[in-house]
Amino acid sequence: MKIARVMRYSAPLLMALAASAQPRPASQPPKEHTNRTRVVLLGTGTPVPDPDRSGPATAIVVDDNAYLVDFGPGVVRRAKEAVLDRHITALEPANLKVAFVTHLHSDHTAGYPDLILTGWTTGRRAPLEVYGPTGLQSMSEHILQAYRIDIETRTNPEGDQRSNPESWKVNAHEIKSGVIYRDAKVTVTAFPTKHAMESYGYRFDTPDRSVVISGDTNPTEETIKACNGCDVLIHEARTVELFGKLPEGPRGFGAKNHTTSEQLAALAAKAKPGLLIVYHAWISWWPSVAPSGSQPLVLTTGELHSSPDVLQREIGSRYSGNFVIGRDLDVY
């Protein structure tokens, strides 16, 4: 293999995450259900390093089969937590065999090495199948190159994976819009979304439910068409309150690439899902940082945050349908 250049994700200093400590807003709680298809929120967070919300990751579980959408930081450990706390054995790390990625931003992909390698070392017996936009194959190859020494050590005659020497591999499928995956449990259709790079949302059609997930996106007609009365729509949002407080640069980026609560309410009214799940919710922003000698000074003014309750009110005042503000490990 060629030597790969490793890029390291560097987050700003931790800010005071007061909003994350808010109790769950007064929305419909997760319910026991008898559906063959379950939506499991493994991570609902944003790039802000909130310890209560792992990076974006959603599992669509059909019977004993799990299909993962995005693999943000913490994905494998959250999956194991769902096994222990929610008794969803399909989410054992070794069972995570098929995954889809909406786009290649770091907050949606930083858990990719963990998904590849921990799944393998805990018992996955086949290469990981991953579907996503252009660049996914290169990302996969570079990750495997970065862990070349680990792989060689584990598969040599004295290694702990010598009896399973091939399942570290990844089959990376770069996609376009349309049906991209089908098996006996599910048909997956990709549709284009509007973000800062090539990006897709996904519709899952299973024997008993239709589930649509947006990824990061500005509101689009393609999302509305993909849902069109679907059983579940999982969509990102940020509060209007927070959006109005942002500096000009982040506000301009968000206006092009993300969705406010007001915009989501209007989109959901047209898409008409049975249940709207709000995830990847921006309720806090990065801290302001100014140098002070050799050490940075974090200015935690408390101004650039909102709360789940505000998000609940902003959507509820504009949308009469059934919706919830998702939290990690919620099951629907």
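This is a short walk through the fold of one protein chain, from the overall numbers to a few individual residues.

Before the details, please keep in mind that we are looking at a predicted model, in which local features need pLDDT of at least 70 and side-chain atom pairs count only at pLDDT 80 or more, whereas totals for chains, interfaces and linings use all residues. Residues are numbered from 1 along each chain as its sequence is written, and side-chain values use heavy atoms, with hydrogens and water left out.

Let me begin with the whole chain. The protein chain holds ten helices and 15 strands, where helices (H or I, at least four residues) and strands (E, at least two) are DSSP runs numbered from the N terminus. Of its 332 residues, 51% count as buried, buried meaning under 20% relative accessible area, exposed over 50%, and partly exposed in between, with a 1.4 Å probe and protein chains only. Among the contacts in the protein chain with a separation of 6 or more, 69% come from residues 24 or more positions apart, a contact being heavy atoms within 4.5 Å.

Now to the sheet. Six strands, in the order β1-β2-β3-β4-β5-β6, form an open sheet with mixed pairing; two strands are taken to pair if DSSP finds at least two bridges between them. At the edges stand β1 (37-43) and β6 (170-174), each of which pairs on one side only. On average, and with direction ignored, neighbouring strands of this sheet are turned by 20° against each other; the angles I quote run from 0 to 180 degrees between N-to-C directions, and axes are lines fitted to C-alpha atoms, for helices over the stretch in contact.

Helix α1 (residues 75-86) lies across β1, β2 and β3 (65-69), and runs at about 130° to β1. Helix α3 packs on the sheet as well, touching β3, β4 (98-100), β5 (128-132) and β6, and its direction makes about 160° with that of β5.

The loop between β2 and β3 contains aspartate 63, which has a positive phi of about 55° although it is not a glycine. With a relative accessible area of 22%, aspartate 63 is partly exposed. Histidine 280, in strand β12 (residues 275-282), also has a positive phi, of about 50°, without being a glycine. Is histidine 280 buried or exposed? Its relative accessibility is 0%, so histidine 280 counts as buried.

Let me return to α3 and its helix neighbour. Two packed helices are described by the angle between their axes and the distance between the axes. Helix α3 (residues 112-121) and helix α5 (residues 148-155) pack at an angle of about 10°, with their axes 13 Å apart. The two helices are therefore roughly parallel to each other, on a scale where angles under 35 degrees count as roughly parallel, over 145 as roughly antiparallel, 65 to 115 as roughly perpendicular and the rest as oblique. From α3 the contact uses Leu117, Trp120 and Thr121, and from α5 it uses Asp150, Ile151, Arg154 and Thr155. These contact residues divide into three nonpolar, two polar and two charged, with Ala, Val, Leu, Ile, Met, Phe, Trp, Tyr, Cys and Pro counted as nonpolar, Asp, Glu, Lys and Arg as charged, and the others, Gly among them, as polar.

Finally, how many disulfides does a search of the whole structure find? The search finds one, a disulfide being a pair of cysteine sulfur atoms within 2.5 Å. It joins cysteine 227 to cysteine 230, with S to S 2.3 Å, and with -85° about the S-S bond the link is left-handed. Cysteine 227 counts as buried at 0% relative accessibility, and cysteine 230 counts as buried at 1%.

Serine 210, in strand β10 (residues 210-213), is in contact with Cys230; leaving aside neighbours within four places in sequence, its other contacts include Arg203, Phe204 and Val232. Serine 210 counts as buried, at 8% relative accessibility, and its C-alpha atom is separated by 9.6 Å from that of valine 186, 24 residues apart along the chain.
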